[in-house]
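I opened my notebook and went through this structure one topic at a time. Here is what I looked up, in the order I wrote it down.

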Amino acid sequence: MATTKTTAVTKVDSAVFRRRLPEELQIMPYTLRVLEFVGLWGSWNQFPFFVLFMTTGTMVILFPKAFLGIGHSEFAIMAKGIAEFIFEANIYLSALIFSTKRASFVKVVNGLAEFFHEVSNADNDCYDLIRTTNVKIRYFWLFMVLYCATGPIIFCIPSATVTYLRYWDAIGKNLSEPLVYEIPMEQEFYGLDIRKNFIHNQIFLGFSFLAYCASKFFLLVMITTPFIMIKYNSLTYQLVCERIRKLPQLPGGPKPAGSSSSNRTEVNVPDLAEVVRLHRQAYEITQQIEDIVHLPVALEYFTCVMFYCMAMFYISTYIDFSLFNIMVLFLASLMETFGYSYLGSELSEEAAAVGTAIYDLPWYDHSVELQRYYRLIIQRTQRTTGIFGLRFFLVQLTTFANVMQMSYSYFLVLKDVLQQL
């Protein structure tokens with residue numbers, strides 16, 4: 001009864017626990033600030049910024065590409081435009097899906113804060129493990145901020161540089177044909193002649209820069225938020241393993257190997273019951289994270305096959321300055337797909353390690369009452385734990401390898417078909 005009562009109280013006060021965590025144990029503080037800026041965390045008053053960013057990207061990039069066309073009849077250029085559309089559509093759709101999962105996200109953050117608050121107060125080793133993980137997460141966060149902050153500028157530099165050089169070189173010359181200016185992405189833009197009219201080109205470049213800023217902002221959110229959640233969830237299982245390994249060292253725990261069984265004292269029931277509760281809480285956090293990311297993950301794996309196929313076709317056909325832009329997108333997509341796969345594998349391995357840690361204990365020598373608690377953990381670890389895309393396929397490194405192999409196979413088929421036409 002005491003355990004049940006304590007659990008109910010901590011669930012109510014989980015937000016309080018999040019505020020009470022020391023700075024070095026805070027749950028993704030920088031990510032939450034960014035999400036608060038667009039109303040996806042905290043007050044809803046900032047949500048109009050999310051709508052503004054979503055509208056900007058949709059009207060500047062997605063709508064023109066989908067309904068006004070690419071603006072080229074050559075298939076290699078069309079493949080580049082399609083690849084860009086797939087990449088951008090994936091970002092905005094994932095952000096839109098995430099905005100509908102705010103309630104689940106709040107539960108995940110508060111659940112993690114409650115979990116960290118309890119284990120860090122009870123065990124110094126757990127405290128150090130959380131702090132070390134947070135240091136790694138902050139380095140990752142800084143890298144992503146740098147990448148996404150410089151992305152729009154770097155993406156626009158090649159086309160803007162070539163455009164200005166061609167414009168200045170043509171001043172004072174009588175050209176028989178109009179100049180063709182470069183654009184960051186292949187698309188049309190509401191009837192403007194963005195390839196041959198310098199003023200139209202600059203208008204498009206200005207709107208495009210704003211749209212790319214919105215895209216990189218959503219890319220920052222849609223990479224860091226799920227990645228950090230999954231990493232923290234893997235950490236919860238590591239902390240459960242740490243508590244399991246400490247059970248024989250707790251007061252009243254069994255003596256080391258070599259002691260006579262007659263002198264052995266059993267693990268305290270409250271200690272083992274606490275471990276069972278923590279394991280159940282970690283498993284519930286996994287389910288909540290899966291509810292948030294299972295659609296974006298499936299969308300990522302589905303779209304990256306098409307994106308990689310189209311991007312490789314363009315790269316194999318053209319070697320020009322636009323190759324730099326497509327490689328920027330390719331790197332971001334590769335990082336996101338591999339990140340999901342790596343962290344998904346890590347989560348499954350850490351969850352399975354809980355079962356191994358339980359098996360390593362002398363549970364067969366303990367009382368029937370203690371074995372009942374052992375059975376609760378063992379039964380839960382026998383089920384595959386991890387992130388499932390569309391609740392159908394397990395996200396792991398083998399999935400990433402299959403995606404890369406499938407993308408290359410489709411690229412070869414596409415190339416052979418076009419060569420025969």
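I began with Tyr 342, which is partly exposed, with a relative accessible area of 43%. This is a predicted model, so I note that side-chain atom pairs count only at pLDDT 80 or more. Next I checked Phe 338, and at 39% relative accessibility this residue is partly exposed too. Both sit in helix α10 (residues 322-359), 4 residues apart, so about one helical turn separates Phe 338 from Tyr 342. I then looked at the rings: the centres of Phe 338 and Tyr 342 are 6.1 Å apart and the planes meet at 25 degrees, so I logged the pair as stacked.

**Entry: aromatic pairs elsewhere**

How many aromatic pairs are there by this rule? I got a count of 37. One of them joins Phe 47 and Phe 50, stacked with 5.2 Å from centre to centre and 25 degrees between the planes. I found both Phe 47 and Phe 50 in helix α4 (residues 47-68), 3 residues apart, about one turn of the helix.

Buried or exposed, I asked of Phe 50? Phe 50 is buried, at a relative accessible area of 3%.

**Entry: salt bridges**

The bridge between Arg 277 and Glu 118 has an N to O distance of 2.3 Å. This pair links distant parts of the chain, since Arg 277 is in helix α9 (residues 269-317) and Glu 118 is in helix α6, 159 residues apart. I checked the burial of the two, and both Arg 277 and Glu 118 are buried.

Asp 128 and Arg 131 also meet in a salt bridge, with 3.7 Å from N to O. I have Asp 128 down as partly exposed, with a relative accessible area of 33%, and Arg 131 as partly exposed at 34%.

For Lys 246 and Glu 242, the closest N and O atoms are 3.4 Å apart, and I logged a salt bridge. Both residues lie in helix α8, 4 residues apart, about one turn of the helix. Lys 246 is buried at a relative accessible area of 16%, and Glu 242 counts as buried at 16%. Which residues are linked with them in a network of salt bridges? I listed Asp 123, Asp 125 and Arg 245 alongside Glu 242 and Lys 246.

**Entry: helix α6**

Glu 118 sent me back to its helix. Helix α6 covers residues 102-122, which is 21 residues. From its first C-alpha to its last, α6 reaches 31 Å, close to the 30 Å expected at 1.5 Å a residue. Of its 21 residues, 16 are buried, so I describe α6 as largely enclosed by the rest of the structure.

**Entry: a nonpolar patch on the surface**

I turned to the surface and found a nonpolar patch made of Ile 153, Ile 154, Ile 157, Ile 199, Ile 203, Phe 207, Phe 209, Leu 210 and Phe 324. Together they have about 790 Å² of accessible area. Which helix gives the most to this patch? I noted α8, with 5 residues. Both α7 (124-170) and α8 (198-246) supply at least two residues each. As one example, I looked up Ile 153, which is in helix α7 and is partly exposed at 45% relative accessibility.

**Entry: Thr 385**

My last stop was a loop residue. Thr 385 lies between α11 (368-381) and β1 (388-389). With a relative accessible area of 8%, Thr 385 is buried. What does Thr 385 touch, not counting residues up to four places away in sequence? I wrote down Tyr 237, Tyr 283, Thr 286, Ser 348, Ala 351 and Arg 380.

Notes. Residues are numbered from 1 along each chain as its sequence is written. This is a predicted model: local features need pLDDT of at least 70, side-chain atom pairs count only at pLDDT 80 or more; totals for chains, interfaces and linings use all residues. Side-chain values use heavy atoms; hydrogens and water are left out. The expected span of a helix is 1.5 Å times one less than its number of residues. Buried means under 20% relative accessible area, exposed over 50%, partly exposed in between (1.4 Å probe, protein chains only). Patches are made of residues with over 30% relative accessible area and no salt bridge: like charges are joined within 9 Å, nonpolar side chains (Val, Leu, Ile, Met, Phe, Trp, Tyr) within 5 Å. Accessible areas come from the Shrake-Rupley method with a 1.4 Å probe; for residues, only the protein chains shown count as cover. A salt bridge is a side-chain nitrogen of Lys or Arg within 4 Å of a carboxyl oxygen of Asp or Glu. Contact means heavy atoms within 4.5 Å. Rings of Phe, Tyr and Trp (its six-membered ring) pair if their centres lie within 6.5 Å; planes under 30 degrees apart count as stacked, over 60 as edge-to-face and the rest as tilted.
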